[in-house]
Amino acid sequence: MKMTRSDVSTETKSNTEKTGNNPLEQFVLLAKTAKGAAVLELIKQAIETPGVHVFGELLDMPNIKELENGPYVAYWNTLNLFAYGTYKEYLENKNILVELTPVQKKKLQHLTIVTLATKSKCIPYSVLLDELDIKNVRNLEDLIIEAVYADIINGKLDQKNCQLEVDYAGLGRDVKPGDTGAITETLAEWGKTCNDILECIEQQVVRANAEKQRAIHHKEKIQQDIANTKKNLVSPSGASGIQEADTVAGNSGTGNSDSCREALPVLPDAKRKQQKGKGIRGGGKFWKT
């Protein structure tokens with residue numbers, strides 16, 4: 001039993017409600033039973049439906065693979081173009097591809113921007129104009145803005161330097177079978193870099209912990225020295241020692257004063273006055289006798 005175009009559309013809408021998280025899954029389910037013209041219509045809808053940006057699972061379906069060696073190879077080529085190719089490749093190989101609708105062309109242009117974003121984070125307008133076959137910058141910027149709002153890419157327009165600055169691609173494209181080796185090498189190199197960074201961080205942590213322990217021990221030593229000093233200052237033996245030191249200092253000061261007085265010379269006039277006074281007193285006593 002062959003499925004007509006209306007049958008494909010009706011069943012697609014029904015499956016869309018069941019597979020909202022994976023828009024491609026509805027087409028994979030339909031491809032299991034689709035035959036002939038229904039397969040061709042299925043491919044047209046898949047490459048036009050918003051939100052469907054990967055097609056690898058669909059390409060692996062037996063009913064789709066049959067197209068590769070049949071009269072409808074153009075549909076097979078077109079599906080491969082949306083999975084791996086760019087808009088410029090479409091322009092260069094129109095003779096072996098299906099003619100695209102305006103919606104399909106715009107979708108392929110968006111996918112081309114994603115491919116360019118994987119190669120460079122700053123894409124000049126000149127490259128985009130050439131790859132997307134757009135004649136003026138205004139239309140190019142409108143196309144990029146649509147891609148940003150659709151979460152196909154995340155970035156901003158640098159109108160001063162005439163380039164697109166890409167932060168990251170909001171979606172990934174299918175990987176060609178021959179590119180898996182290069183991806184494996186890239187992931188292995190990335191893993192090695194992560195391990196090197198992790199080892200460096202661990203060394204820094206060990207060093208920081210050692211410095212912390214040294215600082216703690218130094219602080220504890222200082223606090224212990226302060227406590228010992230305070231204890232010595234307030235202890236009774238320390239107080240008596242201070243008093244004894246004061247007494248010794250006072251005695252030594254008194255002795256010094258006496259010695260200073262003993263060392264003072266007696267002036268001659270003072271000696272004569274003392275002798276004269278003694279003589280008068282002596283004389284007074286003599287006359288009384």
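Let's start with what lines the largest pocket: 7 nonpolar, 4 polar and 6 charged residues. In this scheme Ala, Val, Leu, Ile, Met, Phe, Trp, Tyr, Cys and Pro count as nonpolar, Asp, Glu, Lys and Arg as charged, and the others, Gly among them, as polar. Please keep in mind that this is a predicted model, where local features need pLDDT of at least 70, side-chain atom pairs count only at pLDDT 80 or more, and totals for chains, interfaces and linings use all residues. Residues are numbered from 1 along each chain as its sequence is written, and side-chain values use heavy atoms, with hydrogens and water left out.

How much space lies in the largest pocket? About 340 Å³. A pocket here is an open set of points on a 1 Å grid over the protein atoms alone, where a 1.4 Å probe fits, with protein on both sides within 12 Å along at least five of seven lines; lining residues have an atom within 4 Å of a point. The volume is the space filled by probe spheres set on those points, which are joined across faces, edges and corners. The lining has 17 residues, and the closest to the pocket centre are Tyr84, Thr115, Thr118, Arg173 and Asp174. Helix 6 (73-84) and helix 8 (102-119) each supply at least two lining residues, and helix 8 gives the largest share, 4 residues. The helices (H or I, at least four residues) and strands (E, at least two) are DSSP runs, numbered from the N terminus.

The whole structure has 8 of them, each being a side-chain nitrogen of Lys or Arg within 4 Å of a carboxyl oxygen of Asp or Glu. Glu165 forms one with Lys156, with the closest N and O atoms 3.9 Å apart. Lys156 is exposed, at 54% relative accessible area, while Glu165 is partly exposed, at 23%. For those words, buried means under 20% relative accessible area, exposed over 50%, and partly exposed in between (1.4 Å probe, protein chains only).

Two other salt bridges sit within helices. Arg138 and Asp142 are both in helix 10 (residues 137-149), 4 residues apart, about one turn of the helix, and their closest N and O atoms are 3.8 Å apart. In helix 11 (residues 180-234), Lys192 and Asp196 are also 4 residues apart, about one turn; here the closest N and O atoms are 3.3 Å apart.

Last stop: two loop residues. Where is Asp151 found? Look in the loop between helix 10 and strand 2. Asp151 has a positive phi, near 60°, in a residue other than glycine. Then find Cys162 in the loop between strand 2 and strand 3; its phi is positive too, about 55°, although Cys162 is not a glycine. Asp151 is partly exposed at 46% relative accessibility, and Cys162 is partly exposed at 40%.
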